[in-house]
Amino acid sequence: MFDVQKSITAQKKYCQENEAPHFAPESGNCWSCHRNIYTPIEKTGWNGGTYTSGITVEKAGTELVTGCPHCNRSYCD
Ligand SMILES: [Zn+2]
């Protein structure tokens, strides 16, 4: 499930609960590729298959975001 606002809240909560540093951009907008990390983007893989990149609400609530899923820019350098 993709939801920008819910994902932002979920990631903030995850960081607070785990005392982890919050690397993700406040708005979810990647400063490198200008796409929202919590929005699905369909891509074509190396083998011609399609896949979707982006961080779901579930993932934002269970994993620390350290980089952009679309352009793979790291936020913790
Ligand atoms: Zn990006």
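Two residues are in contact here if their C-beta atoms, placed from the backbone, lie within 7 Å.

I note that this is a predicted model, where local features need pLDDT of at least 70, side-chain atom pairs count only at pLDDT 80 or more, and totals for chains, interfaces and linings use all residues. I number residues from 1 along each chain as its sequence is written.

**Fold and overall size**

I looked up the secondary structure next and found two helices and two strands, in the order α-β-β-α along the sequence. Helices (H or I, at least four residues) and strands (E, at least two) are DSSP runs, numbered from the N terminus.

Along the principal axes, the C-alpha atoms fill a box of roughly 40 × 25 × 20 Å.

**Core**

How much of the protein is buried? I get 22% of the 77 residues. I call a residue buried if 20 or more other C-beta atoms lie within 10 Å of its own, exposed if 12 or fewer, and partly exposed in between, with C-beta atoms placed from the backbone.

The largest nonpolar core has ten residues, including Ile8, Ala24, Cys30, Ile37, Tyr38 and Cys68. Such a core is a set of buried Ala, Val, Leu, Ile, Met, Phe, Trp, Tyr and Cys residues joined through C-beta atoms within 7 Å.

I picked out Ile37, which sits in the loop between H1 and E1. Ile37 counts as buried because it has 28 C-beta neighbours inside 10 Å. Leaving aside neighbours within four places in sequence, its contacts include Ala24, Cys30, Val65 and His70. Its C-alpha is 8.3 Å from that of Val4, 33 residues apart along the chain.

With the same exclusion, I found Tyr38 in contact with residues including Phe2, Val4, Ile8 and Ala60.

**Positive phi**

I also looked up two non-glycine residues with positive phi. Glu19 has phi near 50 degrees and lies in the loop between helix H1 (4–18) and strand E1 (41–44). Glu19 is exposed, with 6 other C-beta atoms within 10 Å.

Asn72 has phi near 65 degrees and falls in the segment after helix H2 (57–62). I have Asn72 down as exposed, with 10 C-beta neighbours inside 10 Å.
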